[in-house]
Amino acid sequence: MDEEYDVIVLGTGLKECILSGLLSVDGLKVLHMDRNDYYGGESTSLNLNQLWKRFRGADNPPNHLGSSKEYNVDMIPKFMMANGTLVRVLIHTNVTKYLSFKAVDGSFVYNKGKIHKVPANDVEALKSPLMGLFEKRRARKFFIYVQDYDENDPKSHEGMNLNQVTAKELISKYGLDDNTIDFIGHALALHLDDEYLTQPAMDFVKRMKLYAESLARFQGGSPYIYPLYGLGELPQGFARLSAVYGGTYMLNKPECKVEFDENGKAIGVTSEGETAKCKKVVCDPSYLPTKVKKVGKVNRAICIMSHPIPNTHDSPSVQVILPQKQLGRKSDMYLFCCSYSHNVAPKGKYIAFVTTEAETDNPQEELKAGIDLLGPVDEIFFDCYDRYEPANQKDVDSCFISTSYDATTHFETTVRDVIAMYNKITGKELDLSVDLSAASAAEE
């Protein structure tokens, strides 16, 4: 271990594994260490015995739930946008060859006490029960504007500069009501709160276009895809990539203490009495707890069921977004459901997550609105975890710390953090101008 590396990465969570792979492909000498004896860190995947041990303290789940090894329960479950940044990263790095993906069956939104399919284009807007007749026509016009919008074609801009016009001003031009704005902003554009309304509309429109393009790619019921056997395969795929490009992996390395010089700059990592030298350290918040600040908490319920979520067209895999306003909350709630169709549970069993940014210390009560939509559950586990963000000066200490995973059940915020970290670590933009038609390899 007494060698010098360009970068030492601590923790094998998904963010750290993606960065390890990208940096190795760039030709940097990477050492990747984890105090655990398994891949995935916080974003690991558990079988039924492991799930039972973690939440019930013993590894003896009831027999009626089926075989333990048929369960792959992701601790941070997130769907991927089929045309999104993570898929581009997978193709850019060729990690797609290690994984098989399958489309997610449904994308829904909670509105006025009911679950509805998210309309993604002008045709679906006209059919959607979310809106009345006149609102449907207004929404259809807005969807057509978004579909036709081309940053490089001024004729499609209709006299508006989306880098200056706010999202609220753009929406008001089409006269959409608050109810429509709510599901478009949160279930289509996937904004976490309503701050986007006062910001330039360009990002809002690009997010809507991404949703529609992703939906069109797989001709399925949603814009999302998910790996067979769950997300546990992803960190390992990037770990293999790093190894192919000369990266070194060491699991089960206790302590992993970051060493600093007299100026406070990271110069290496010590484990079991040996120190590996490095120029930069990349890690999750748990490895440098004095250099992060707590910014929130996620409450969640993990459920095992014997049926799909009601009112989702019997979808074996589905996301339902409950916008904050519908619940009188400050943050959205998310339902995630996956099943035997993605090989994460035995035939006839479904894994559902209800997650939200914590606003109280009572997850049972806080998550009730989402849990009530699930119908009967065989088993339910409640959990909460703190969210951290880096509070260090990267240019002083050469430590690049990822943010904790948020409550969302899609990958868009996670990948934004990874790419921002890559830019800071390398001082350059990540080129993701890949031919997405090549991603047909990712389609099952």
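Which residue's side chain meets the side chain of lysine 117 in a salt bridge? Select glutamate 124 together with lysine 117, and you have the two partners, 3.4 Å apart from N to O; a salt bridge here is a side-chain nitrogen of Lys or Arg within 4 Å of a carboxyl oxygen of Asp or Glu. Lysine 117 is partly exposed at 31% relative accessibility, and glutamate 124 is partly exposed at 22%, where buried means under 20% relative accessible area, exposed over 50%, and partly exposed in between, with a 1.4 Å probe and protein chains only.

Before going on, note that this is a predicted model, in which local features need pLDDT of at least 70 and side-chain atom pairs count only at pLDDT 80 or more, while totals for chains, interfaces and linings use all residues. Residues are numbered from 1 along each chain as its sequence is written, and side-chain values use heavy atoms, with hydrogens and water left out.

By the salt-bridge rule the count comes to 24. Select lysine 279 and aspartate 6, whose side chains meet in one of these at 2.9 Å, N to O. Lysine 279 belongs to strand 13 (residues 274-283) and aspartate 6 to strand 1 (residues 4-10), so this pair ties together parts that are 273 residues apart in sequence; strands are DSSP runs of E with at least two residues, numbered from the N terminus. Colour the two partners by accessibility, and lysine 279 comes out as partly exposed at 44%, whereas aspartate 6 counts as buried at 18%.

Next select aspartate 386 and lysine 294, which form a salt bridge of 3.2 Å, N to O. This pair links distant parts of the chain, with aspartate 386 in strand 18 (residues 379-390) and lysine 294 in strand 14 (residues 292-305), 92 residues apart. Aspartate 386 is partly exposed at 30%, while lysine 294 is exposed at 52%.

Strands of a sheet pair through backbone hydrogen bonds, either parallel or antiparallel. Between strand 6 and strand 9 (residues 224-227) there are 3 bridges in the antiparallel sense, and lysine 102 has tyrosine 226 of strand 9 as its bridge partner.

**Aromatic rings**

Tyrosine 226 lies in strand 9 and phenylalanine 336 in strand 16 (residues 333-339), so the pair ties together parts that are 110 residues apart in sequence. Tyrosine 226 is buried at 1%, and phenylalanine 336 is buried at 2%. Both rings belong to one aromatic cluster that is formed by Phe79, Tyr211, Tyr224, Tyr226, Phe336 and Phe353.

**Cysteines**

How many disulfides does the structure hold? There are 0, a disulfide being a pair of cysteine sulfur atoms within 2.5 Å. Select cysteine 303, and the closest cysteine sulfur is that of cysteine 337 at 9.5 Å, too far for a bond; for cysteine 399 the closest is in cysteine 283 at 6.4 Å, again too far for a bond. Cysteine 303 is buried at 0%, and cysteine 399 is buried at 0%.

**A last stop**

Finish at arginine 35, in the loop between strand 2 (30-33) and strand 3 (45-46). Arginine 35 is partly exposed at 32%, and, not counting residues up to four places away in sequence, touches Asn252, Lys253, Ser286 and Tyr287, where contact means heavy atoms within 4.5 Å.

Notes: Two strands pair if DSSP finds at least two bridges between them. Helices (H or I, at least four residues) and strands (E, at least two) are DSSP runs, numbered from the N terminus. Rings of Phe, Tyr and Trp (its six-membered ring) pair if their centres lie within 6.5 Å; planes under 30 degrees apart count as stacked, over 60 as edge-to-face and the rest as tilted.
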